[in-house]
Amino acid sequence: MRNGSGLKAFVGVAILFPAVGVVTAARADVTISGDPTSNMSCTSGVCAPTAGSAVLNAGDLQTLLASGNVTVTTTGSDVQAGNIDVTTKLGWSSNVLTLDAYQSLSVSAPVTVKGKGKSTGLAILTDDGGSGGELAFFGKGHVTYKNLSGSLAIDGTKYTLETSIATLAAAIKNNRGGAFALVANYNASADGTYTNSPIVTPFTGLFEGLGNTISNLTIESLVAPKNYAIGLFTSLGQGGEVDNVGLSNVSVSIRKRPKEGFWEGTLVGLNNGTISRSFAQGMLTSPKKSIFSGGLVGNNNAGLIRQCFANVTVTSSSGSNSLAGGLVGQNGGSITDSYAVGDVGNGSLAFVGALAGSNPGIISNSYATGNATSFEGSAGGLIGVNGDGENGIVSASYSTGKPNGASEATGGLIGSDESQSGSVTNSYWDTDSSGITNLGQGAGTPANDPGITGLSTAQLQTGLPAGFDPSIWAETPAINNGLPYLIANPPQ
């Protein structure tokens, strides 16, 4: 049944949609799509599945929303679907839509809240009895509000709606532990050039990007700011979260070297919180001396970075204490299910890695494809130095780029591994694209570092390497040049 088919307001009578044609949901999910509604029952303001895989036509849903609030749930009578997937355009002008998923909500098409007032909005519930539930956006998926008076609640938390960097920065200054959402794409070119982090206040609250992108952000600092970090956010404190936001055509640079150590990233300078499902595309430039430069984060000190990526060209002048990485400069926390594709380094940086310059933390299920260059220091296809005074853990990860460092400190995967033997497991480098064919040179030092294996491009393309979980990784010729990619974080 489609829009205009005579649906009336909910009056407590069940509206049953029989199975029609082929259900498009690949998993046992409720899919909101352009296909005919099937295996759904709507009564008293609640639409629930009558089978594990069900479809709710977007037009039918919009018709129901015109008459009252609607809840779409994955839990029916003796039926439990897992997720809700929004795969086609959806918009409404009145009432509140609640999407209640047993596990996760994925959005791969535009969703627009058009009306005014708190009586119009969106409520999202994830992990409602399941496990590992989350809100995720793919492709063209994002949520837009046409009016800031609308309502947004995610997992019971009410969010303040923002549409610009300036209003977001002001709101965080007044409430650094608050919950805020970016409810439209934002072009920062009209802001001009920032000389410091746009959001200087250390953030300990929740920021939800709703799949929206900030484009053309430019930060150019003539001298290093006194807060020792720079990025869209200067820093995330413990408990702070940044989710589902992208930076497109971002440019961050520091022109004069700092007097002391400094952290430079595009999204966050210093991270002690959590960054999820976010990305940066652009360039980052730093001067010499004591700079930790990362394509997404300067210093992931004690934070978590998950399902993120960076396509950022990271360049830095020489400096004996400097680090540079395609995703992070230094990782003292945890990085998982993430990747970087930009080239990193120049000059005589101490440690350069296509994913991380230094890793005294944990890296798992991640990869890098960019080149890493340090003419005098350590360079690795994934990590410049692993350990760096502590024990760095690396598992189920790989690299394909070409590292270029000092002869004794250039490794296919790691430039210098200072961790305990056995800290690296099930990790690989591409012996063809890296130019490093010596199978004992997975790390520049020590030779024959255990846990690192060199594979040819063809070997990497013909099945997942040992230790790669098929529920996390996949391979297909049409994606990522046939190389392993992350299912929850596919290449953009």
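Mentor: Let's start with a word we'll need: a residue is buried if its relative accessible area is under 20%, exposed if over 50%, and partly exposed in between, using a 1.4 Å probe and protein chains only. The model is predicted, so local features need pLDDT of at least 70 and side-chain atom pairs count only at pLDDT 80 or more, while totals for chains, interfaces and linings use all residues. Residues are numbered from 1 along each chain as its sequence is written, and side-chain values use heavy atoms, leaving out hydrogens and water.

Trainee: What makes helix H1 mostly covered?

Mentor: Helices are DSSP runs of H or I with at least four residues, and strands are runs of E with at least two, numbered from the N terminus. H1 covers residues 58-65, and seven of its eight residues fall in the buried class. Among them are Ala58, Leu61 and Leu65.

Trainee: What reaches the backbone nitrogen of Gly59 at the start of H1?

Mentor: A side-chain oxygen of Asn57 comes to within 2.9 Å of that nitrogen. A polar contact is a pair of N or O atoms within 3.5 Å; within protein, one must be able to donate a hydrogen and the other to accept it, and residues adjacent in sequence count only if both atoms are side-chain atoms.

Trainee: Why is strand S23 called largely enclosed?

Mentor: S23 spans residues 206-215, and eight of its ten residues are buried, so the rest of the structure largely encloses this strand.

Trainee: How do you know that S20 pairs with S23?

Mentor: Two strands pair if DSSP finds at least two bridges between them. S20 (residues 179-182) has three bridges to S23, in the parallel sense, and Ala181 stands opposite Glu208. S21 (residues 186-187) also qualifies, with two parallel bridges to S23; here Tyr186 has Ile214 as its bridge partner. S27 (residues 241-254) runs parallel to S23 and is joined to that strand by seven bridges, with Glu208 partnered by Asp243.

Trainee: Why are S10 and S16 said to stand at the edges?

Mentor: Their open sheet has three strands in the order S10-S13-S16, paired in parallel. S10 (90-92) and S16 (142-145) each have a single partner strand, so one side of each lacks a neighbour in the sheet. S10 meets S13 (residues 110-113) over three bridges, and Leu90 is partnered by Val111.

Trainee: Which strands are the edges of the open sheet of eight?

Mentor: That sheet runs S26-S29-S33-S37-S41-S46-S51-S54 with parallel pairing, and S26 (233-236) and S54 (443-445) pair on one side only. Within the sheet, S41 (residues 356-359) and S46 (residues 383-386) share three parallel bridges, where Ser358 is partnered by Val385.

Trainee: What does the chain contain in helices and strands?

Mentor: There are three helices and 57 strands.

Trainee: What share of the 492 residues is buried?

Mentor: Buried residues make up 59% of them.
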